[in-house]
Amino acid sequence: MKKYTNEMKRCIKLAKIAMGHTSPNPMVGCLVINEKGKLLATGYHKVCGENHAERDALLKIDNAQNCTLIVNLEPCSHQGKTPPCTDIIIEKGIKRVVYGMQDPNPLVAGKGLEKLKQAGIEVIGPVMEKECKKLNEIFYKNQTDKKAFVVIKTATTTDGKIATYTGDSKWITSAQARERTKTLRRRYDAILTSASTVIADNPNMEHKKKIILDRELKTDLNSNIYKQGNIYIFHDENIKPKNHKKNITYIPTPVKKNKLDIEFVLNKIFELGVMSIFVEAGGKLNGSILPYADKIYQFVAPKILGDNSAKSCFDGAKIKNIADCTKFKLEDISIYKPDILLTYSKA
């Protein structure tokens, strides 16, 4: 549907302003235009608990009679932390609603559109549905699969190495690429890493939530990573923590083949209200999480180690046939000189 595509693009752009701040809610942008096509108001959902995009826009104008409202996600029809958006749309006298995609939340899922139709409002859509689903890929997975969205970030040489055989890795990529990593982290609810990474690199990984997989509880709680944020430590359920800090929650975890049960970890993360995780770890943990990954950010530096004993970015199970590879599709290529960022999504 070509009509309203420019307006929907603007809704998506507005929605992105709040990227990283709306979880567990989706990102939503909204426009209100009059009968002559003049833009009267814009709105977007800024943070969970505050006004949704439709209400944000409609509260800015006194008279919305016979206007068209464009929004990238179906207006909600249920009472949550804020009142139903369908109510204010009907009250304000909106004539037409153009939506990007249906809300996957079972509490809405078409009910909002039906309520608008019953009130005599013309409903048009979906418009740019593919792009709207991509915008809210995290929310979509949360609602349809009841699981956290999993992202792996890695920085490698051209031949896929993340460190020399001695463990030296500073720095494979440029300062520009590393700054981009910081902005990517902010999109996701929590960072996840391994005890091995904490011990080897002593990273800061500043974030509001951090998840450490420390099976044997061998990391030093004075390490940089523990100095900030709310932290969840997953550990062998047969080992009892000896040390405690206010910002740390210990989670006993089943062990399979001398490794923490990844499925248990991911399920528990979602139960804890973490809707998306940003994995920054070594090849072993990356390899274990790879089957569950929804997206991969791979920074690639124009450097070649050419050493089989160097550490690889993914160290998983042995595969005999190429046909059995874990498959992804290339989504985007960006340049952070002299490096490139390859973004993959699940095929």
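Buried means under 20% relative accessible area, exposed means over 50%, and partly exposed lies in between (1.4 Å probe, protein chains only). Keep those cut-offs at hand for the stops below.

This is a predicted model, in which local features need pLDDT of at least 70 and side-chain atom pairs count only at pLDDT 80 or more, while totals for chains, interfaces and linings use all residues. Residues are numbered from 1 along each chain as its sequence is written, and side-chain values use heavy atoms, with hydrogens and water left out.

**Whole chain.** Show the cartoon. The protein chain has 10 helices and 18 strands. These are DSSP runs, helices being H or I of at least four residues and strands E of at least two, numbered from the N terminus. The C-alpha trace spans about 70 × 45 × 35 Å along its principal axes. Of the 347 residues, 50% are buried.

**Ser174.** Select Ser174, in the loop between β7 (161-163) and α7 (175-185). Is Ser174 buried or exposed? Ser174 has a relative accessible area of 15%, so it is buried. Contact means heavy atoms within 4.5 Å.

**Helix α6.** Move to residues 137-145. Glu137, Phe139, Lys141, Asn142 and Gln143 are buried here. The buried residues of α6 pack against α5 (129-135), β6 (149-156), α9 (262-271) and β15 (295-300). Step just past α6 to Lys146, which takes a positive phi of about 55°.

**Salt bridges.** The structure holds 17 of them. Each is a side-chain nitrogen of Lys or Arg within 4 Å of a carboxyl oxygen of Asp or Glu.

- Select Lys134 and Glu331. Their closest N and O atoms are 2.6 Å apart. Lys134 lies in α5 and Glu331 in β17 (residues 328-336), so the pair ties together parts 197 residues apart in sequence. Lys134 is partly exposed at 35% relative accessibility, and Glu331 is partly exposed at 33%.
- Together with Lys134 and Glu331 they are linked in a network of salt bridges.
- Select Asp87 and Lys115. The closest N and O atoms of this salt bridge are 2.6 Å apart. Asp87 is in α3 (residues 85-91) and Lys115 in α4 (residues 111-118), so the bridge ties together parts 28 residues apart in sequence.
- Select Arg215 and Glu216. Their side chains meet in a salt bridge at 3.5 Å, N to O.
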